[in-house]
There are 2 protein chains.
Amino acid sequence: MRVGIYGLGRFGSFWADTVRRNTRDDIEVVASSRHPHAVPEGVVFLCEDELFATCDVLFFCVAISSFESVLKNMNGRIKKGAVVFDTCSVKTYPAQWMKEYLGDDYTLIASHPMFGPDSAKSGLKGLPIVLCPLNADEKIVQCFTDEFASWGLKVLRMTPLVHDKESAYSQGVTHFVGRTLREMGLRDTEIATSGYKALMTIVDQTCNDPLQLFYDLQRFNPYAKEMRLSLQYATEKILNKLRESEEG
Amino acid sequence: MRVGIYGLGRFGSFWADTVRRNTRDDIEVVASSRHPHAVPEGVVFLCEDELFATCDVLFFCVAISSFESVLKNMNGRIKKGAVVFDTCSVKTYPAQWMKEYLGDDYTLIASHPMFGPDSAKSGLKGLPIVLCPLNADEKIVQCFTDEFASWGLKVLRMTPLVHDKESAYSQGVTHFVGRTLREMGLRDTEIATSGYKALMTIVDQTCNDPLQLFYDLQRFNPYAKEMRLSLQYATEKILNKLRESEEG
């Protein structure tokens, strides 16, 4: 069995390494990428056509904003019957694109491993991965559920829309706050409280991810705009309460 | 030697307990409070007049917004020659009030232990305490510096204004973000990323503190308004970048 990763950016390199470390030795892990960030040890680099034509399981690790055009260019190059995963941080649009451009010839499972090189530094145990089966036999989905669970991951199944609503108000708001605080130019101080230190760690982690991921999270999650408005509304409410407390 | 704590709210109770646990047994720790949150074991509760008249070292642990009126009512009730500390989370105004209402009869040291019952749960080691000597012999200041250092604290000396500028952009912004996110009604989710979990911990910690502390931090720190404007400006900048990225 051959498992392929397409896209070796910051997340894709991490994911290829994670797949390699956690699967049986007789499973071959291969990858291809236009701009490889790093090719992890034990992962074989192939040209695109060979990767698509020969993999039984394929993970797309491309930017959300590139994913539709990547799929448009598949033109049946992927091996028939392959199990195809995306790993995008939003799910509604990528799931629609996969169904539209890949269709019935493949087993399609939209997925979101909700961690990355920073958060998985001390292991995978308990980290969540979301699966949204699109066009997949229950048997196959269960097989991958068991596989991911055997790596220590917490496997959660939900619809793309439920994922996007939950994640706009968790991952989405975290990245928005992180980028905003970085924009303020906050820095370390010797009088940092433990709360401020924790906040700075969040700023560092969110800003370690590519800027494109931040834009894509905010742009391609159907609930992101509502979340941002809710944050602005809450800010106004707190400022009003402050004004009232000064007058009172 | 008798050490007194005036004000046994959430922080004062914690501080009385901290003083009791970390000082020698022959030092008597006493306290008084209009609305005691808790009287820690080993701390003797006295009436106000006795506390003020008999303590050699006195810590005021009252709300910033009450501190001026508390000092106005001292009328020489504090034992002459006593060493008087405040513990307010802002320093410029409290330092002015202490000099104005207590004057030359006392050793005055404005202070800010930059931790509380949540952040000191696993010990005091490395936690910062800021000292701003106002009217104090260097020898006495050094003696308290050594005492706090012997508890494991990191003792930092600075002017009230420098403290307030640094803390507006660290503790102040943390509390503002914490209260805002709580106002949004964010809650736990099974797909929480590690960053979001850390953010929720900050929200819980900042909102565990009394609401009055939040208002006072924002109102009595001369740099808080500038910090809030800077946060709003950064938010606008990020929103503009998002709009540009969508158009580009």
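Biologist: Which domains does the domain assignment give for chain A?

Modeller: Two of them: domain 1 covers 2-158 and domain 2 covers 162-247. Keep in mind that this is a predicted model.

Biologist: OK. What separates the centres of domain 1 and domain 2 of chain A?

Modeller: Taken over C-alpha atoms, the centres of domain 1 of chain A and domain 2 of chain A are 28 Å apart. The two domains also touch: 17 residues of domain 1 of chain A are in contact with 15 residues of domain 2 of chain A.

Biologist: And which elements supply the domain 1 side of that?

Modeller: α3 (64-72), α4 (92-101) and β7 of chain A each supply at least two residues there. By class, that side of domain 1 of chain A has 8 nonpolar, 6 polar and 3 charged residues.

Biologist: You mentioned β7. What order do the strands of the sheet in chain A have?

Modeller: The order is β3-β2-β1-β4-β5-β6-β7-β8 in chain A, an open sheet of 8 strands with mixed pairing. At the edges sit β3 (44-45) and β8 (154-157) of chain A, each of which pairs on one side only.

Biologist: How many bridges join β7 to β8 in chain A, and do they run parallel or antiparallel?

Modeller: There are 4 bridges between strand β7 (residues 128-135) of chain A and β8(A), and the strands run parallel. If you want a spot to look at, find A:P128, which stands opposite A:K154 in β8(A).

Biologist: Switching topic: what's the relation between chain B and chain A?

Modeller: A rotation of 180° with 0.0 Å of shift along its axis superposes chain B on chain A, with an RMSD of 0.0 Å. So it is the relation of a two-fold axis. The same surface serves both copies, as 100% of the contact residues of chain B recur in chain A.

Biologist: How many residues does the contact take from each chain?

Modeller: It takes 46 residues from chain B and 46 residues from chain A. On the side of chain B that touches chain A, the elements giving two or more residues are β7 (128-135), α6 (160-183), α7 (194-208), α8 (211-220) and α9 (224-247) of chain B.

Biologist: Which of them gives the most?

Modeller: That's α6(B), with 12 residues. The residues of that side of chain B divide into 21 nonpolar, 18 polar and 7 charged.

Biologist: What about α8(B), is it mostly covered or mostly open?

Modeller: Mostly covered: 7 of its 10 residues are buried. Among them are B:L213, B:F214 and B:Y215.

Biologist: Covered by what?

Modeller: The cover of the buried residues of α8(B) includes α9 (224-247) of chain A, together with α3 (64-72), α4 (92-101), α6 and α9 of chain B.

Biologist: And the largest nonpolar core, which residues have the most contacts inside it?

Modeller: Those are A:I5, A:L58, B:I5 and B:L58, in a core of 136 residues. Not counting residues up to four places away in sequence, B:L58 touches B:G4, B:Y6, B:I78, B:A82, B:V84 and B:F85.

Biologist: Last one: is A:N73 buried or exposed?

Modeller: A:N73 is exposed, because it has 10 other C-beta atoms within 10 Å, and the cut-off for exposed is 12 or fewer. A:N73 lies in the loop between α3 and β5 (83-86) of chain A. Its C-alpha atom is 9.0 Å from that of A:Y101, and the two residues are 28 residues apart along the chain.

Key:
Residues numbered from 1 in each chain as written. Chains lettered and ligands numbered in written order. Predicted model: local features only at pLDDT ≥ 70, side-chain atom pairs only at ≥ 80, totals over all residues. Core = buried A, V, L, I, M, F, W, Y, C linked by C-beta atoms within 7 Å. Buried ≥ 20, exposed ≤ 12 C-beta atoms within 10 Å, placed from the backbone. Contact = placed C-beta atoms within 7 Å. Nonpolar A, V, L, I, M, F, W, Y, C, P; charged D, E, K, R; others polar. Least-squares fit on C-alpha atoms with pLDDT ≥ 70 in both. Pairing = 2+ DSSP bridges. Domains from an automatic or database assignment.
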